[in-house]
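Trainee: I am new to this structure and would like to go through the terms used for it. Could we start with the definitions and then the places they apply to?

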Amino acid sequence: MSLIKCPECGSEISEFAESCPRCGCPKHMFDERASVAMLLSKLAQQGNGWIRGNVGYNPLTPPDVLVRLASDEDAEVRDDVACNASTPPIVLAILACDPEKAVRLKAAHNPSTPTDALARLANDTEKMVRETIAGNPNVSPDVLAKLANDESWYIRWLVARNPSTPAYVLEGLIHDANANVRISALLVSSTPLYALADLATNGNGDERVRLAENPATPAEILGMLARDESKDVRGAVAYNNSTSSDILAMLACDIDDDVRRRVAANPSTPESALSKLADDASEMVRMEVSENESTSIDILTKLAEDSFCQVRIKVAENRSTPSDCLRRLSSDGDRLVRQAVAGNPNTPYETLSKLAYYEEGVREDIASNPSVHPGVLTMFAEDLLSGRMRDDIGSMRRCLAENPSTPKDALARLARESSDYIRYCVAQNSSAPKDVLAEFIRNEDPYVILGVINAKGSIVEILGVAARSGQ
């Protein structure tokens with residue numbers, strides 16, 4: 001009996017085992033992971049840095065390959081390895097000392113980076129690296145205490161918002177010179193409501209704005225701030241997703257256009273308030289209503305008749321807009337409105353088909369739309385590949401290659417394009433035929449094999465097709 005290595009946890013188990021006794025990884029996954037690991041190991045040896053970087057970023061790349069790529073001469077490759085949550089902690093600790101700021105920044109973001117490496121990064125000379133450490137919940141209390149004294153107010157603010165920051169550090173930040181830092185520290189501490197009320201009444205303008213925009217501010221305090229004399233404070237309350245519907249309804253009647261615009265953009269705004277704002281004299285307010293994901297069908301239908309074209313464009317883009325409304329907007333006198341209709345996935349295929357035939361300027365939007373009828377996409381592909389349709393920069397080919405609704409025969413034809421990028425897009429398309437993907441592997445096209453690895457479907461099955469077709 002021979003032993004094989006589990007692709008999930010690395011344990012050695014019997015070749016006859018149905019699953020790994022340590023992590024439970026099922027037997028059928030072994031061949032899948034092994035096949036992908038084989039391809040990724042081979043691709044890691046390519047001379048193309050972009051390919052090696054993609055391998056370094058892939059969570060299925062074997063640890064030994066990641067170790068090798070972590071010392072790659074190309075900084076962008078090391079950057080990708082530092083992003084990978086599967087990179088071994090010891091490797092991330094090395095990357096945390098990389099001479100390139102971007103690599104250290106990615107190591108600071110990585111949840112697998114060990115705490116001692118995070119502590120070293122807290123002393124980094126680059127402000128952006130220290131910012132990342134200050135917001136990382138895996139950082140130790142001692143490191144957060146040190147960063148609470150950083151010269152940058154933004155870093156101290158991040159420390160105040162970090163859920164791992166201990167109480168004694170927050171107590172010090174309550175007295176910080178910066179209003180953002182003080183407010184954040186107050187709201188996560190056990191600050192009595194009366195103290196916050198005093199700040200909402202007697203604090204300076206900057207403090208009141210920061211209190212008004214913070215999602216952790218209690219409803220009672222937001223209610224007080226909604227009546228503040230400063231439009232900036234009221235506007236901050238209006239934009240806060242934690243603001244209650246009653247307060248938002250009140251602010252929908254505010255005398256300031258910008259306050260009403262912020263209410264119109266808030267997804268928590270009640271329908272009654274949005275209905276009122278749909279009749280607002282300000283075009284910007286109506287535009288925000290038409291873009292709001294909470295706006296009802298009735299209001300969107302009404303705004304589709306708005307005299308301001310930007311409002312109609314936002315209605316045409318909104319995924320809540322009903323199909324009959326989109327059908328009417330497809331005949332709008334403004335081309336940008338018709339273009340927005342072409343890009344909406346809820347547009348009926350008959351409408352998209354009509355636009356495809358008569359609206360040359362919106363064909364790219366239609367070619368990207370997964371709701372378009374396959375016959376239209378086939379027509380586009382035939383016109384492109386026969387030369388009847390111009391595509392000087394390849395954007396139409398890219399749209400068709402990426403669209404999961406593009407018919408398989410059209411994808412098969414696009415797979416023979418000379419452009420590596422178009423073939424890569426086909427390889428990533430979940431609808432790409434398995435025999436096409438298998439041909440990519442059999443031809444050992446490294447650029448496109450990366451797309452195959454990311455495509456939906458069994459890589460083992462695709463490898464099997466490749467082997468059979470090569471016989």
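Mentor: A polar contact is a pair of N or O atoms within 3.5 Å; within protein, one atom must be able to donate a hydrogen and the other to accept it, and residues adjacent in sequence count only if both atoms are side-chain atoms. The model here is predicted, so local features need pLDDT of at least 70 and side-chain atom pairs count only at pLDDT 80 or more, while totals for chains, interfaces and linings use all residues. Residues are numbered from 1 along each chain as its sequence is written, and side-chain values use heavy atoms, with hydrogens and water left out.

Trainee: What makes the pair formed by the backbone oxygen of V55 and the side chain of T61 a polar contact?

Mentor: The backbone oxygen of V55 lies 2.5 Å from a polar atom of the T61 side chain. The limit for such a pair is within 3.5 Å. T61 is found in the loop between helix 2 and helix 3 (63-69); helices (H or I, at least four residues) and strands (E, at least two) are DSSP runs, numbered from the N terminus.

Trainee: Why is T61 called buried?

Mentor: Buried means under 20% relative accessible area, exposed over 50%, and partly exposed in between (1.4 Å probe, protein chains only). T61 has 3% relative accessibility, so T61 counts as buried. Leaving aside neighbours within four places in sequence, T61 is in contact (heavy atoms within 4.5 Å) with L40, V55 and L66.

Trainee: Which residues of helix 2 are buried, and what caps the N-terminal end of helix 2?

Mentor: In helix 2 (residues 49-57), the buried residues are G49, I51, R52, G53, V55 and G56. N48 is the cap, with a side-chain oxygen 2.8 Å from the backbone nitrogen of W50.

Trainee: How do you know whether R182, E100 and Y194 are buried, partly exposed or exposed?

Mentor: Each value is set against the cut-offs. R182 has 15% relative accessibility and therefore counts as buried. E100, at 39%, counts as partly exposed. Y194, at 66%, counts as exposed. As for their places, R182 lies in helix 12 (residues 179-188), E100 in the loop between helix 5 (89-95) and helix 6 (101-109), and Y194 in helix 13.

Trainee: What does R182 touch, and with which residues is E100 in contact?

Mentor: Not counting residues up to four places away in sequence, R182 touches L173, I174, H175, D176, A177, N204 and E207. With its neighbours within four places left aside, E100 is in contact with A75 and R78.

Trainee: Why is helix 12 described as largely enclosed by the rest of the structure?

Mentor: Nine of the ten residues of helix 12 are buried, so helix 12 is largely enclosed. Its buried residues pack against helix 10 (153-161), helix 11 (167-173), helix 13 (193-202) and helix 14 (205-213). N178 caps the N-terminal end of helix 12, a side-chain oxygen lying 2.8 Å from the backbone nitrogen of N180.

Trainee: Why is helix 20 called roughly parallel to helix 22?

Mentor: Helix 20 (residues 283-291) and helix 22 (residues 309-317) pack at an angle of about 10°, with their axes 8 Å apart. Axes are lines fitted to C-alpha atoms, for helices over the stretch in contact, and angles run from 0 to 180 degrees between N-to-C directions. Angles under 35 degrees count as roughly parallel, over 145 as roughly antiparallel, 65 to 115 as roughly perpendicular and the rest as oblique. The angle therefore makes helix 20 roughly parallel to helix 22.

Trainee: Which residues of helix 20 and helix 22 meet?

Mentor: From helix 20, E283, R286, M287, S290 and E291 meet Q310, V311, K314 and V315 of helix 22.

Trainee: What makes a set of residues a nonpolar core, and which residues touch the most other members of the largest one?

Mentor: A nonpolar core is a set of buried Ala, Val, Leu, Ile, Met, Phe, Trp, Tyr and Cys residues joined through side-chain atoms within 4.5 Å. The largest has 103 residues, of which L211, I366, F380, V426 and F440 touch the most other members. A second, separate core of 28 residues includes A134, V143, V159 and L170.

Trainee: How many helices and strands does the protein chain have?

Mentor: The protein chain has 33 helices and two strands. Of its 471 residues, 52% are buried.
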